[in-house]
Amino acid sequence: MKRSEQIKSAIIHTFKEHQNEENRPAMEAYMKHQFQFYGIKSPERTAILRPIYKEYRTISETERMDAAILLFQQPERECHYAALALLEKGVKKAVPSSIAVYKELMMTASWWDTVDMIASNLCGGYFKRYPERLRSITENWSHSGNLWIRRSSMLHQLKYKEQTDKELLFETARQLKDEKEFFIEKAIGWALREYSKTDAKAVVQLLESESFRPLTKREGLKWAKNKGLLTS
């Protein structure tokens, strides 16, 4: 058996051993019944997976990617979370082709919970390793026909702070600003709000001088407003 198959099987076996029928209904309801759950909450999931990740810490990046794809083929959401945690452990060693896998997983069983983790943690880490690819891929993804890929294009730099490519961030926001789609409006506001903690003046000027959607503007200005940095 390939090691990627071994990892997948070990994770599923552990989840089955710890499944919790009391937790499951509420967890499935929170995700609007789009996914099945074992009923294992995040702290316990982290604890029970730790020995497995330790056992397979020497896997290659190809094996890591293959295991993640196999886990995303399972119906239970905890398997998807486990896949992303496994990928995060290798993000500093990501190979150039890793971005294609991240994109594939964003389009698999798509919802905000996994997409946002992939965009900010995995893609964000990837572009720090391969900064020369940030602009071309972000521009490409901002024009994607897939809602979640477009959302991701706004969130790649979410944790970059002073390292943010402000010009690219603002260009992407302008590219998406006329979309009447909650998850896009929210993502633009979220990304700009985070960057306002680094350069509030630039974000306020952008949002107050251009025709962004009300939700985007409200979200994007929230931090600056709380800090009393708005001019009106």
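Reply: One term is needed at the start: helices are DSSP runs of H or I with at least four residues, numbered from the N terminus. With that numbering, Lys32 is placed in the loop between α2 (24-30) and α3 (42-55). The model is a predicted one.

Me: How many helices and how many strands are in the protein chain?
Reply: Read along the sequence, the chain gives the pattern α-α-α-α-α-α-α-α-α-α-α-α-α. The count is 13 helices and zero strands.

Me: What is the radius of gyration of the protein chain, and what does the globule rule give for 232 residues?
Reply: The C-alpha trace spans about 60 × 40 × 30 Å along its principal axes. The globule rule gives 17 Å for 232 residues, and the chain comes close to that, so it is as compact as a globular protein of that length. Its radius of gyration is 19 Å.

Me: What share of the residues counts as buried?
Reply: Buried means under 20% relative accessible area. Of the 232 residues in the protein chain, the share that counts as buried is 51%.

Me: What part of the accessible surface belongs to carbon and sulfur atoms?
Reply: The accessible surface of the protein chain is about 11700 Å². The part that belongs to carbon and sulfur atoms is 50%.

Me: How far apart are the mean positions of the positive and negative charges?
Reply: The protein chain has 39 positive and 31 negative charges. The distance between their mean positions is 4 Å.

Me: Is Lys32 buried or exposed?
Reply: Lys32 has a positive phi of about 55° although it is not a glycine. Over 50% relative accessible area is the mark of an exposed residue. With a value of 60%, Lys32 is exposed.

Me: Which loop holds His33?
Reply: His33 has a phi near 55°, a positive value in a residue other than glycine. Its relative accessible area is 60%, so His33 is exposed. The loop that holds His33 is the one between α2 and α3.

Me: Which residues are in contact with Arg45, leaving aside neighbours within four places in sequence?
Reply: Arg45 is found in helix α3. Its relative accessible area is 14%, so Arg45 counts as buried. Its C-alpha lies 17 Å from that of Tyr30, 15 residues apart in sequence. The contacts of Arg45 are Phe15, Ile40, Glu78 and Tyr81.

Me: What is the relative accessible area of Met154?
Reply: Met154 is placed in helix α9. Leaving out residues up to four places away in sequence, Met154 touches Leu169, Thr172, Ala173, Leu176, Ala187, Ile188 and Ala191. The C-alpha atoms of Met154 and Ile188 are separated by 6.1 Å, although the two are 34 residues apart along the chain. Met154 is buried, with a relative accessible area of 1%.

Me: What kind of aromatic pair do Trp148 and Phe183 form?
Reply: The count of aromatic pairs comes to ten. For Trp148 and Phe183, the centres are 4.8 Å apart and the angle between the planes is 50°; the pair is tilted.

Me: How many residues apart in sequence are the parts that this pair ties together?
Reply: Both Trp148 and Phe183 are buried. Trp148 lies in helix α9 (residues 147-155) and Phe183 in helix α11 (residues 182-196). The pair therefore ties together parts whose separation in residues is 35.

Me: What kind of pair do the rings of Phe182 and Phe183 form?
Reply: Phe182 has 46% relative accessibility and counts as partly exposed, whereas Phe183, at 14%, counts as buried. Their ring centres are 5.3 Å apart with the planes at 80°, so the pair is edge-to-face.

Me: Which residues do ring pairs link into a cluster?
Reply: Rings pair if their centres lie within 6.5 Å. The cluster linked by ring pairs is made up of Tyr102, Tyr126, Phe127 and Tyr130.

Me: Which residues does Thr198 touch, not counting residues up to four places away in sequence?
Reply: Thr198 lies in the loop between α11 and α12 (200-209). At 32% relative accessibility, Thr198 counts as partly exposed. The C-alpha atoms of Thr198 and Gln163, 35 residues apart along the chain, are separated by 9.7 Å. The residues that Thr198 touches are Lys161 and Glu162.

Note on methods:
Residues are numbered from 1 along each chain as its sequence is written. This is a predicted model: local features need pLDDT of at least 70, side-chain atom pairs count only at pLDDT 80 or more; totals for chains, interfaces and linings use all residues. Side-chain values use heavy atoms; hydrogens and water are left out. Helices (H or I, at least four residues) and strands (E, at least two) are DSSP runs, numbered from the N terminus. The radius of gyration is taken over C-alpha atoms; the globule rule is 2.2 Å times the number of residues to the power 0.38. Buried means under 20% relative accessible area, exposed over 50%, partly exposed in between (1.4 Å probe, protein chains only). Accessible areas come from the Shrake-Rupley method with a 1.4 Å probe; for residues, only the protein chains shown count as cover. Lys and Arg count as positive and Asp and Glu as negative; His and the chain ends are not counted. The place of a charge is taken as NZ of Lys, CZ of Arg, CG of Asp or CD of Glu. Rings of Phe, Tyr and Trp (its six-membered ring) pair if their centres lie within 6.5 Å; planes under 30 degrees apart count as stacked, over 60 as edge-to-face and the rest as tilted. Contact means heavy atoms within 4.5 Å.
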